[in-house]
Amino acid sequence: MPTVPLSPTSVSRSFYEAWTGGDIDAALGLLAERVVVDAPRAGRLVGAEQYGPVLREYLQVLTGSELLAIAGDERSSLVYYNNFTNLVDVAPTVEYHTVQDGKITYIRIIFDRLPFENARHEAGLPNSLQKG
């Protein structure tokens, strides 16, 4: 009997649970080989080899996460969650995923960067909003 690929919402939930649980290898295993990730601060990343280090760096400031909702159709999903970090108290975030054959092929991450940049400035860290 042929296997039925997981729905986009199931794949996205598994991805969220893996990376917020600190299992980066499991999270990256849910990504297509040439996944494209558009993320604030990091810009456009292509492939798990580019996205993995960014995700690992973010986990250094993540103190918790609360999944609020997942919705989707046969090819995409939206994941809405609150992240809690040691830089800002709460970071409401939305991710849009496209999924094909049980792998995430595209991720767009949306959140308000300004509170993070203000916190980085207060901590004496480089502010990525400054040009050049």
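Predicted model: local features only at pLDDT ≥ 70, side-chain atom pairs only at ≥ 80, totals over all residues.
Student: In what order do the elements of the protein chain run?
Tutor: Helices (H or I, at least four residues) and strands (E, at least two) are DSSP runs, numbered from the N terminus. The protein chain has 4 helices and 6 strands. From the N terminus on, the order is α-α-β-β-α-β-β-β-β-α.

Student: Which strands does S4 pair with?
Tutor: Two strands pair if DSSP finds at least two bridges between them. S3 (residues 62–72) runs antiparallel to S4, joined by 9 bridges, and isoleucine 70 has valine 79 in S4 as its bridge partner. On the other pairing, tyrosine 80 has valine 94 in S5 as its bridge partner, and 8 antiparallel bridges link S4 and S5 (residues 91–100). The strands you asked for are S3 and S5.

Student: How many residues lie between the strands of the S4 and S5 hairpin?
Tutor: S3 and S4 form a hairpin too, with 3 residues between them. For the hairpin of S4 and S5, the number is 5.

Student: Is asparagine 82 buried or exposed?
Tutor: Asparagine 82 sits in strand S4 (residues 76–85), where 7 of the 10 residues are buried. Leaving aside neighbours within four places in sequence, its contacts (heavy atoms within 4.5 Å) include Leu68 and Val90. Buried means under 20% relative accessible area, exposed over 50%, partly exposed in between (1.4 Å probe, protein chains only). With a relative accessible area of 13%, asparagine 82 is buried.

Student: Where do the buried residues of H3 fall around its axis?
Tutor: The buried ones in H3 are Tyr51, Gly52, Leu55 and Leu59. An α-helix has 3.6 residues a turn, so residues three or four places apart point the same way. The arc, taken from the directions from the helix axis to the C-beta atoms, is 110° for the buried residues of H3, so they line one face of the helix.

Student: Which exposed residues does H4 carry on the face turned away from its buried side?
Tutor: In H4 (residues 114–122), Phe116, Glu117, Ala119 and Arg120 are buried. They cover an arc of only 160° around the axis, which puts them on the same side of H4. Their cover includes H3, S4, S5 and S6. The face turned away carries His121 and Glu122.

Student: What relative accessible area does glycine 124 have?
Tutor: Glycine 124 lies in the segment after H4, and just after that helix it takes a positive phi of about 80°. Glycine 124 counts as exposed, with a relative accessible area of 64%.

Notes:
Residues numbered from 1 in each chain as written. Heavy atoms only, no water.
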